[in-house]
Amino acid sequence: MTETLDLAKLTTSAFEIALEAGRIVMKARNEALGIAAKQDGSPVTLADQAAEKYIVAALQKLTPDIPIVAEELVSDGNAPEIGDKPFWIVDPLDGTKDFIAGESEFAIVIALVVGDTPALGVIHGPAMEVTYAGAVGVGATRARKNKAEDIRARNAPHDGVTVLSSRHHGSAPDLQQYLGEFKIASHKRMSSALKFGVLASGDADIYPRFGRVMGWDIAAGHAIVLAAGGRMSTATGEAINYRTKTFDIPSFIARGRISS
C-alpha cells in the first residue's frame with residue numbers, strides 16, 4: 001500500500017478536511033460548548049466530538065483501507081489495530097482549554113504515519129486563520145487568509161535562538177535546565193500544535209517539550225517540520241515511536257535546520 005500513496009494529493013485532501021472541521025468547530029463555539037470531563041480529567045466539548053466525527057468519516061471515505069487513530073475514539077476505548085500499516089492519527093481540537101476559555105490558539109490536527117515516521121501533516125488554526133501543511137519529500141506550506149506560501153525551517157542565528165514552549169508547561173524545571181545550554185534571543189509561549197508551524201516557517205529555532213504527550217498532538221507537526229527541512233527526536237535523541245500501545249510519547253525536541 002505504501003508504494004501507491006500519493007502524499008501530495010493526500011495532503012491536499014487532508015487540508016480540505018481540516019478546513020471543514022475548522023468551520024464545524026467555529027460554529028460550535030457560538031453555540032453551547034457542552035463541556036464534559038474524560039476519564040483522565042481533561043475536558044472535551046461538543047466541538048471536539050463533532051469535528052472528530054466529520055474528520056473520521058471523511059478520512060474513511062478518502063482512504064477506506066487506512067485505519068484511523070482519533071483522540072476521542074481512543075478515549076472511549078475504540079483504538080484500531082494498526083500493526084505495521086500506515087495510519088491516520090487525529091486530534092480534532094488541540095488546545096481544548098484555550099477553546100473553552102475563548103482564546104484563539106487551538107487547532108485541528110491530522111497526520112498520516114507511514115512506517116516509523118509521520119509522512120504528512122496538517123495543522124489548521126481556524127480562529128487565527130492559518131493552516132500549516134507538509135509532506136515529507138514534497139515540501140511545506142503556510143496558508144493565511146486564503147494566501148499560501150512555501151515555508152522552510154531556518155538555521156539557528158549566531159546571536160541566539162528563538163525558543164517555543166507551551167503556554168501551560170513552559171516553566172517546567174527540566175525545560176529550564178535544558179534551555180540553560182543555549183544562548184536565547186527570545187522565548188515565545190503558545191498553545192497547541194500551532195507552535196510546530198511557527199518553527200517550520202523559520203520564525204523560531206527550537207521547541208522542546210518534556211513530559212508525556214500524545215501522538216495525535218505532535219505527529220502532524222513532526223511531518224511539517226521534516227517537510228520544511230527541520231528535525232525532531234525524543235529528548236534523548238532517539239526516533240519517536242508512534243506505534244505504542246497507548247500512543248503516548250515521553251518527550252520531544254523539534255529543531256530547525258542544521259547549520260552548514
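Buried means under 20% relative accessible area, exposed over 50%, and partly exposed in between (1.4 Å probe, protein chains only). This is a predicted model, in which local features need pLDDT of at least 70, side-chain atom pairs count only at pLDDT 80 or more, and totals for chains, interfaces and linings use all residues. Residues are numbered from 1 along each chain as its sequence is written, and side-chain values use heavy atoms, with hydrogens and water left out.

**View 1. Arg 212 pairs with Asp 248 in a salt bridge (a side-chain nitrogen of Lys or Arg within 4 Å of a carboxyl oxygen of Asp or Glu).** The closest N and O atoms are 3.4 Å apart. The pair links distant parts of the chain, strand 12 and strand 14 (residues 248-255), 36 residues apart. Strands (E, at least two residues) and helices (H or I, at least four) are DSSP runs, numbered from the N terminus. Arg 212 is exposed at 56% relative accessibility. Asp 248 is partly exposed at 23%.

**View 2. Asp 205 forms a salt bridge with Arg 154.** Their closest N and O atoms lie 2.7 Å apart. Asp 205 sits in the loop between helix 6 (194-200) and strand 12 (206-214), and Arg 154 in the loop between strand 9 (147-151) and strand 10 (161-166). Asp 205 is buried, at 6% relative accessibility. Arg 154, at 26%, is partly exposed.

**View 3. Helix 1 (residues 7-29) holds both Arg 23 and Glu 20.** They form a salt bridge, with the closest N and O atoms 2.9 Å apart. Three residues separate them, about one turn of the helix. Arg 23 is partly exposed at 48%.

**View 4. Salt bridges link Arg 142, Arg 144, Glu 149 and Asp 203 in a network.** The structure holds seven salt bridges.
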